Amino acid sequence: MVLTMRADSVQTDMSFGRERSHVSSNALEQRLGPVVEAYDRQGTHRTGTDVDHRSAEWLAGYARQLGVEAALEPFALNRIDPQSCFLRLADRCIGGVPLFDAAFTDTEGVRGRLGALGSNAEIAVAATEPFTLMEPQKEQSNAVVAARQSRHKAVILLTRGSKPGLFLLNAPSFRTPCGPPMLQVSSAESQWLKEQAVAHTQATVVATVKHTATQAFNVTAKIPGSDPGLPPLVIMTPRSGWWQCASERGGGLACWLEAMRVLASGKPARDCFFVACSGHELGFLGIDAYLRTRPDLIKRAYQWIHFCANIGAPRQANHIHASGDGVEQWAAAIMSKEELTVSATARRGSVPRGEAAALHRGGGRYVALVCGTEVFHHPADRWPDAIDVALLTRYAKAFANGALQLASRAM
């Protein structure tokens, strides 16, 4: 079922109407900043929640204001809602969030001695790796892999990042959970918990959840080209995550909308498809659902543009992951027009982050843009501190005008 947005179906809190593509940077900042602010204000963007549903309607409403027909395309999931989730020991109770693609406990939890990962302790204490721009999925390696394969009854994961706090891990194995119950807790507890592990302190881990059969939505749109026989251009971005995700998701959504605005007024030669996927943090459920109904699109598309994560995060480098030299050179050229330098490029043939991995496996022509961040998967990823609107504007303008260039090519 596809739900097409009617003109009167959604009210939004700002105008995002048609304008000429050549607008001042100040005008663009005034348009894009409120997009990120509104997205942040909606709340926690976990897949399949009420916030996620309202956010889908909000995004489709913006597309409608551009004169673009938008649709909500549902896909099914078994939503996980954490209930009682904590570690109790030494007269303390430390709250946490379970790993969504591992096992869970019953209400009694798991009781036993704390110890190091790989020891004979019933409950292991381990630390995750922090996110880095140059090492995709590093946070999912080493200790997390070992914990999944361990015989511990439960594992405490001390999540690490650029500061103390709760940096949640995505759930790449959401469809096929594996490993013992794993409770993610703030790295602010690291020193004390490591001391308790050395002392083999008795502890109890509880990680109970509620499962709800529901659905989530991809937001899709199409701008028809003058020659439908040409291979289409596809522009995509994720739209779900663990927290408010102002920079992680908001920057990409702002770029996605700006590309839509420029293409809607630019009369492209080729069809232009847009998809903003839910399900990002749960094994990329959304892009898989989108491609299931379009099995030929990966290779049929002239090019895919993927706004990956953290676009517009202040004082951060960027990283371009492209399927080939020509696409990479195109990205560098359009960025240079806005005085943006490519900080790093991926090794040719390597698997990209996020939803673009499906394009890579399917042999598509793509480019994915990701930027660094100090608050990846952390509740401090909030408007306005997590976004440099002037920087975001330069990325949005570069890729929107670049998309129009691609869409106007009759080849």
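How many disulfides does a search of the whole structure find? It finds 0, where a disulfide is a pair of cysteine sulfur atoms within 2.5 Å. Before the details: this is a predicted model, in which local features need pLDDT of at least 70, side-chain atom pairs count only at pLDDT 80 or more, and totals for chains, interfaces and linings use all residues. Residues are numbered from 1 along each chain as its sequence is written, and side-chain values use heavy atoms, with hydrogens and water left out.

Take Cys255. Its closest cysteine sulfur is in Cys371, 8.6 Å away, which is too far for a bond. Cys255 is buried, at 1% relative accessibility; buried means under 20% relative accessible area, exposed over 50%, and partly exposed in between, with a 1.4 Å probe and protein chains only. For Cys178, the closest cysteine sulfur is that of Cys85, at 18 Å, again too far for a bond. Cys178 is partly exposed, at 31%.

Now the helices, which are DSSP runs of H or I, at least four residues, numbered from the N terminus. The axes of H1 (residues 25–41) and H10 (residues 389–407) come within 9 Å and cross at roughly 105°. The two are therefore roughly perpendicular, a label for angles of 65 to 115 degrees.

Last, Ile298, which sits in helix H7, residues 297–300. At 12% relative accessibility, Ile298 is buried. Beyond its neighbours within four places in sequence, its contacts (heavy atoms within 4.5 Å) include Leu291, Trp304 and Arg365.

Methods:
Axes fitted to C-alpha atoms, helices over the stretch in contact; angles between N-to-C directions. Parallel < 35°, antiparallel > 145°, perpendicular 65-115°, else oblique.
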